[in-house]
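Colleague: Hi! Could you walk me through this one?
Modeller: Happy to, here it is.

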Amino acid sequence: MILPSRASLRFLLPIVALGLSACQSPGGGPALSSEALQGRWQVVSIDGRSVAPQSRAFIEFSEPPRLTGNGGCNRFFGMYRYVDSTLAIEPEVGSTKMACEATVMAQEQQLFQWLPEATRAEWVDGQLRLLDSSGKTFLRADRLDGKDVPL
């Protein structure tokens with residue numbers, strides 16, 4: 001059996017480590033398939049803060065490119081793309097214009113500001129997580145429609 005020399009190991013180990021790190025997603029969880037992303041998701045937190053208890057916020061990814069939901073007060077609609085684990089939500093998210101409790105309105109504005117920042121969707125600890133380009137999780141959500149989440 002031929003064993004590699006120390007010099008070749010010093011050269012190969014960083015390459016192997018780099019290759020393995022490329023397989024890991026930025027947030028630490030596996031990327032969702034397009035089919036797994038589709039469905040209705042109850043928003044649990046936005047930018048690290050739990051949603052208001054009275055919030056009805058949800059996101060629904062339908063057959064691409066359709067995105068709909070409720071920001072907690074107003075219904076919203078827009079377009080998205082999800083290709084090769086890369087998520088892009090169009091910045092032009094439309095919504096109804098009802099007034100609600102100040103806390104819920106502020107939460108909704110935060111959601112509408114963050115959605116176009118999404119670049120990745122992951123499945124971590126039984127939840128959908130949306131991440132921005134820096135790998136920061138800005139939204140966590142639970143599956144609402146009872147479907148399994150095939151990875």
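Modeller: A word on terms before we start: rings of Phe, Tyr and Trp, the last taken by its six-membered ring, pair if their centres lie within 6.5 Å. Planes under 30 degrees apart count as stacked and over 60 as edge-to-face, with the rest tilted. Please also keep in mind that this is a predicted model.

Colleague: Okay, how many aromatic pairs are there by this rule?
Modeller: The count comes to four aromatic pairs. One of them is Phe-76 with Phe-112: the ring centres are 5.5 Å apart and the planes are at 75°, so this pair is edge-to-face.

Colleague: Where do Phe-76 and Phe-112 sit?
Modeller: Phe-76 is in strand 5 and Phe-112 in helix 3, 36 residues apart, and the pair links distant parts of the chain. Both Phe-76 and Phe-112 are buried.

Colleague: And what about Trp-114 and Phe-138, stacked or edge-to-face?
Modeller: Stacked, because the planes of Trp-114 and Phe-138 are at 10°, with the ring centres 5.0 Å apart. Trp-114 lies in helix 3 and Phe-138 in strand 10 (residues 137-143), so the pair ties together parts that are 24 residues apart in sequence.

Colleague: Why do Trp-114 and Phe-138 count as buried?
Modeller: The cut-off for buried is under 20% relative accessible area. Trp-114 has 16% relative accessibility, so Trp-114 counts as buried. Phe-138 is at 1% and therefore counts as buried too.

Colleague: Let's stay with helix 3. Which of its residues are buried?
Modeller: In helix 3 the buried residues are Val-104, Gln-107, Glu-108, Gln-110, Leu-111, Phe-112 and Trp-114.

Colleague: What span should helix 3 have at 1.5 Å a residue?
Modeller: Its 13 residues, 102-114, should span 18 Å. The expected span is 1.5 Å times one less than the number of residues. The end C-alpha atoms of helix 3 are 18 Å apart, so the model agrees with that.

Colleague: New topic, strand 5. Which residues are on its covered face?
Modeller: Phe-76, Gly-78, Tyr-80 and Tyr-82 make up the covered face of strand 5 (residues 75-83). Its uncovered face has Arg-75, Phe-77, Met-79, Arg-81 and Val-83.

Colleague: What does strand 5 pair with?
Modeller: Strand 4 (residues 66-70) pairs with strand 5 in the antiparallel sense over five bridges, and there Arg-66 stands opposite Met-79. Strand 6 (residues 86-89) also runs antiparallel to strand 5, joined to it by four bridges, with Arg-81 opposite Ala-88. Then there is strand 7 (residues 94-95), antiparallel to strand 5 over two bridges, where Phe-77 stands opposite Gly-94.

Colleague: Which residues take a positive phi in the hairpins there?
Modeller: The hairpin of strand 4 and strand 5 has four residues between the strands, and Gly-72 takes a positive phi near 120°. In the hairpin of strand 5 and strand 6, with two residues between the strands, Asp-84 has a positive phi near 50°. Ser-85, in the loop between strand 5 and strand 6, has a positive phi near 70°.

Colleague: And where is Asp-125?
Modeller: Asp-125 is in the loop between strand 8 (120-124) and strand 9 (127-131). Its phi is near 50°, a positive value in a residue other than glycine. At 70% relative accessibility, Asp-125 counts as exposed.

Colleague: How many salt bridges does the count come to?
Modeller: Six salt bridges. Among them, Arg-81 bonds with Glu-90 in a salt bridge, the closest N and O atoms being 2.5 Å apart. Arg-81 is partly exposed at 46% relative accessibility, and Glu-90 is partly exposed at 25%.

Colleague: Glu-122 and Arg-120, buried or exposed?
Modeller: Glu-122 is buried, with a relative accessible area of 0%, and Arg-120 is buried at 17%. Their side chains meet in a salt bridge, 3.0 Å from N to O.

Colleague: Which residues are linked with Asp-47 in a network of salt bridges?
Modeller: Arg-49 and Lys-136 are linked with Asp-47 in that network. The side chains of Asp-47 and Arg-49 meet at 3.8 Å, N to O.

Colleague: Last one: which residues touch the most other members of the largest nonpolar core?
Modeller: Of its 29 residues, Leu-37, Ile-59, Phe-61, Leu-87, Leu-128 and Leu-130 do. Leaving aside neighbours within four places in sequence, the contacts of Ile-59 include Trp-41, Phe-76, Leu-111 and Leu-130.

Notes
Residues numbered from 1 in each chain as written. Predicted model: local features only at pLDDT ≥ 70, side-chain atom pairs only at ≥ 80, totals over all residues. Heavy atoms only, no water. Buried < 20%, exposed > 50% of the residue type's maximum accessible area, 1.4 Å probe, protein only. Core = buried A, V, L, I, M, F, W, Y, C linked by side-chain atoms within 4.5 Å. Contact = heavy atoms within 4.5 Å. Pairing = 2+ DSSP bridges. Salt bridge = Lys/Arg side-chain N within 4 Å of Asp/Glu carboxyl O.
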